[in-house]
Amino acid sequence: MPTKSIRALLGIVLIAAMATAACKVAGSLRVDNLRCEYKTGPVGIDVVRPRLSWVLVSTGEMQRGLKQTAYRILAAGSLSALDAGRGDLWDSGKVVSDRQSQIEYAGQALGSGQDSFWKVQVWDQDGKPSAWSLAGRWTMGLLNKEDWQARWIGFDAAPGVADPKIMPPAAYLRKAFPINKPLRSAVLFASALGVYELHLNGKPLNADVLSPGWTDYRKRVHYFAYDVTSRLTSEDNVLGAILGDGWYAGYLAFTGKRHYYGDKPRFIAQLRLDFADGTSQVIASDGTWKAAQGPIREADLLMGCVYDARLEMPGWNAAGFDDTGWSAATEDQNVHANLEAHPSTPIRRIQEMPTRKITEPKPGVFVFDMGQNMVGWARLKAQGGPGRKVTLRHAEMLNPDGTIYTANLRAAKATDTFYLAGGPRRDYEPYFTFHGFQYVEVTGLEGRPAPEDVTGIVVHSDLPRVGTFESSNALVNKLMENTVWGQKGNFLDVPTDCPQRDERAGWTGDAQVFMKTACLNMDSPAFFTKWLTDLCQDSQRADGALGDVAPHVDIVGFGNTGWGDAGLVCNWQMVQMYGDTRVVEQHYPALVRYMDYLATTSRDFTRGTGAYGDWVRLAGPQHSEAIGTAYYFYSTRLMVELAEVLGKADDVRKYRAQAENIRAAFIKNFLKEDGRIMDAKGATGQTFYALAFGLDLVPPDQRIKVAVRFVEEIKKQDWHLATGFLGTPFVLSALVKAGQVDLAYRLVLNDTYPSWLLQVKLGSTTMWERWDGWVPNKGFQDPGMNSFNHYWLGCVGEWLQTTVAGIDTDGPGFGRITIRPVLPSAEAVAAGRGLTSARGSYDSIRGRIASGWKKDETGFRLEVSIPPNSVATVYVPAGDPSSVREGGKTIEQAAGVKFLRYERGYAVYEVGSGTYAFTNPLWSGLNF
Ligand code: BGC
């Protein structure tokens, strides 16, 4: 070897040795929670430049002021290459940046099914490198149409068009296949026009239900991918699927129709086997699969399931089953669905609820109380002669006589019927349905049941909890918990209005008013990424109006105030909560068309409210140009911010000018000399003020007199809220902006009609659709529209977390955080209209943020926790900033705390990462 090369080689060895040594000098940061497209270890990604993120954790004692100053990402095609430090797919090199999310993979082009293993190293504030993170992984999906070798199959018991009046049995599909050499990996891809449950070698594949979820199947159908390597250990294997109608062919939402998208459910699956010897094989759905009908005689999302256990086919999903009586599956050449990887997580069985109580309001009619209005179904344990019919009906509420109240379910039968197998006591569960219920009425049982005979199975899109909240008021804590249950019950692939009646649609107005609460409760970016496509790509009308529901159904309209605006609000929330600009890029053209639609359907920068207005309000006008125009301003202002995010300077100018014109029109038309906000018909209402203050439409010099009128409007309702969909989400923060903090607290803490806490006191365990869903001395509202699981009123959760606990983002994605608890006055607390403590936490995209305060005779204490690489502005309520201490020290002595200013009753500080305890013994309860 020539000397030159030896020297070069030595050089490489030396650099490698230095790099290894450098890694051992671990700095103050550890890299954790590697995620790709918001998911941990996702299988089946079809985003060609997936985005990566991580969270930073302190390695030791030192926690304050930790920062990432640079990062390096290695991505490799194998774990061994990654372990050896070879980024054969991508080596980002050292990138000087504090970014830790929304980082686009920029390595070699990734092919279908390709595995990427990746790890991250970061440099801290002192330029010290961290150790490499543990390896993360993602696996690409099927990127090209041609990658699908599988055919769409089903089981058509009879030729021709299926009868829409008959709910057919579900189809069982199976394929036996051998594996006779060592397997390296196996990935299964599956989708359906309908809903499927996968089985592999004798068992359901996993806890997923109702896959692949709901899209406008005419535009796109999602597939899921599963790593099934560990499940293929024997030579003889069977892949099976049960296929039901679901949203595709069953009764859909409130259309009153079956077969909305098609009359024959179809299934597609492709199992890729990669063997140790480098060869591979694909087991794909086609006409060689076997098909049969079995015990599921009917299965409909709204109506329920009929299950005849006498028709069970034990072992149908395992090897050794005699399928000679089965037919060939129907191969359908006419399906041309656009298959895409599901951007979010499946709906899964998440938890089980035991029965709390059994009553028998009529002989032989047993009512099981689950103690929680929940969504899913009931598992029944029963015994009885073969064919004995046991019927389960589901309801959210009870009639005064203790029987179940089902009038509000409208056409949804929500009834599961089991024909028992005979033999010993065993479990029965329905398929391909879900119900919203607290009570299960069971009839047809042999003998008296025990509580353990019915268990509630809770299902929803599997989104981890990311928020906690607790305060000195137990009812408020329960209210917050109810917002979470409202979310659980309505986040089944699509954010729906309600889960129990024949509606269950992706109402856009509901979703936008609740989205921030939802994101603070559960990890929702992938969920909303999915739905924003339903909304912005698939529901837009030719004139630019976005659907009032998404996926759109043809019996409702488009572009109504507060509903069509969801496109803007929800994209903006993605930027705020997660710093996600890719969704905005993707949907921006649709949003521009929506803005054009607003412009062409407005007059002199004013608008009406369209179809729904301040929906379910109790007083004040439902429809008014004052409301419509304020909302028009809101959307336009959000569009300015979205254009800014994408750096579209011309659009920023254009929409900013438009927003100013709308503001001027609002002030000219609706803001009166005496501070009243009133429309041309002389109407006014709480919502007018909620929007005016909430959206900063009140000129600063007129705030005091308008605030006086605002308070008058609340007083008119005997100090209660009467706002609907458009006013409620703004009203509390509007009161804070109007300087009426105590009044905002009073409205949240009210427990007489109408109020949030009255519902809690009445035993609600979810959010209700209406303030007056059930009122003492009056009973139930109109059963035509009276859901007890409608999350929209849960928008109060956002206020509790951001204003009471005080945690919010300051700009995109929590890089800058605001901790600003807004406190009630000492007088309000003394009058029982305030809280004395509150504590919230949120696992943001940057890590955990916490804020907790407590006020007692010793003074005030605020504990704050900020994740590494974020900076927070902390507002400490203080009459005199010099009395504030942090960790017992004066602010000058406290490490990492910088005094910024004194602002309206707050001493304002800047802190970096770490935990801080601010105390103020002299704090007298100054309000604002
Ligand atoms: C739904 C609402 C929805 C509304 C439109 C209702 O039937 O349940 O939540 O937003 O219609 O006004």
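## Cis peptide bonds

Pro-754 sits in the loop that runs between helix H14 (741-749) and helix H15 (756-761). In this predicted model, the peptide bond leading from Tyr-753 into Pro-754 is cis, and its omega is near -10°.

A cis peptide bond also joins Ala-550 and Pro-551, with omega about -5°. Pro-551 belongs to the loop between H6 and H7. Helix H6 spans 525-537, and helix H7 spans 566-578.

## Residues with positive phi

Gln-102 is not a glycine, yet its phi is positive, at about 60°. The residue is placed in the loop between strand S6 (95-96) and strand S7 (103-104). Its relative accessible area is 11%, so Gln-102 counts as buried. Gln-102 is also one of the residues that line the second largest cavity.

Asp-493, likewise not a glycine, has a positive phi of about 70°. The loop that holds Asp-493 lies between strand S37 (491-492) and strand S38 (494-495). With a relative accessible area of 3%, Asp-493 is buried.

## The largest pocket

The volume of the largest pocket is about 1,300 Å³. Its lining is made of 45 residues, and those closest to the pocket centre are Lys-516, Ser-733, Lys-737, Glu-798 and Asp-808. By class, the lining holds 21 nonpolar, 12 polar and 12 charged residues.

Several helices and a strand contribute at least two lining residues each: helix H5 (508-521), helix H7 (566-578), helix H9 (625-645), helix H11 (686-694), helix H13 (728-737), helix H16 (796-804) and strand S41 (807-809). H13 provides the largest share of this lining, with seven residues.

## The second largest pocket

Of its 38 lining residues, Lys-39, Thr-40, Pro-42, Thr-345 and Arg-348 are the closest to the centre. The lining divides into 17 nonpolar, 10 polar and 11 charged residues.

Elements that each give at least two residues to this lining are strand S1 (29-36), strand S2 (43-45), strand S16 (221-227), helix H6 (525-537), strand S43 (837-844) and strand S44 (847-856). The greatest contribution to the lining of the second largest pocket is from S16, which supplies five residues.

## Cavities

Five cavities of 30 Å³ or more are found in the structure. The second largest cavity holds about 50 Å³ of space. Glu-37, Tyr-38, Arg-51, Leu-52, Ser-53, Ser-101, Gln-102 and Ile-845 form its lining.

Sorted by class, the lining of the second largest cavity comprises three nonpolar, three polar and two charged residues.

## Cysteines

How many disulfides does the structure hold? The count is zero. A disulfide is a covalent bond between the sulfur atoms of two cysteines.

Cys-36 is in no disulfide, and the nearest cysteine sulfur to it, that of Cys-519, is 19 Å away. A pair of cysteine sulfur atoms must lie within 2.5 Å to count as a disulfide. Is Cys-36 buried or exposed? Its relative accessibility is 1%, so Cys-36 counts as buried. Cys-305 also counts as buried, because its relative accessibility is 0%. The cut-off for buried is under 20% relative accessible area.

Thr-403 is found in the loop between strand S30 (397-398) and strand S31 (404-405). The relative accessible area of Thr-403 is 13%, and the residue is therefore buried.

The side chain of Thr-403 makes a polar contact of 2.5 Å with the side chain of Asp-401. Leaving out residues up to four places away in sequence, Thr-403 touches Pro-361, Lys-362 and Leu-398.

How values were computed
Residues are numbered from 1 along each chain as its sequence is written. This is a predicted model: local features need pLDDT of at least 70, side-chain atom pairs count only at pLDDT 80 or more; totals for chains, interfaces and linings use all residues. Side-chain values use heavy atoms; hydrogens and water are left out. On a 1 Å grid over the protein atoms alone, a cavity is a set of points where a 1.4 Å probe fits but cannot get out, and a pocket is an open set with protein on both sides within 12 Å along at least five of seven lines; lining residues have an atom within 4 Å of a point. Grid points are joined across faces, edges and corners, and a volume is the space filled by probe spheres set on the points. Helices (H or I, at least four residues) and strands (E, at least two) are DSSP runs, numbered from the N terminus. Ala, Val, Leu, Ile, Met, Phe, Trp, Tyr, Cys and Pro count as nonpolar, Asp, Glu, Lys and Arg as charged, and the others, Gly among them, as polar. Buried means under 20% relative accessible area, exposed over 50%, partly exposed in between (1.4 Å probe, protein chains only). A polar contact is a pair of N or O atoms within 3.5 Å; within protein, one must be able to donate a hydrogen and the other to accept it, and residues adjacent in sequence count only if both atoms are side-chain atoms. Contact means heavy atoms within 4.5 Å.
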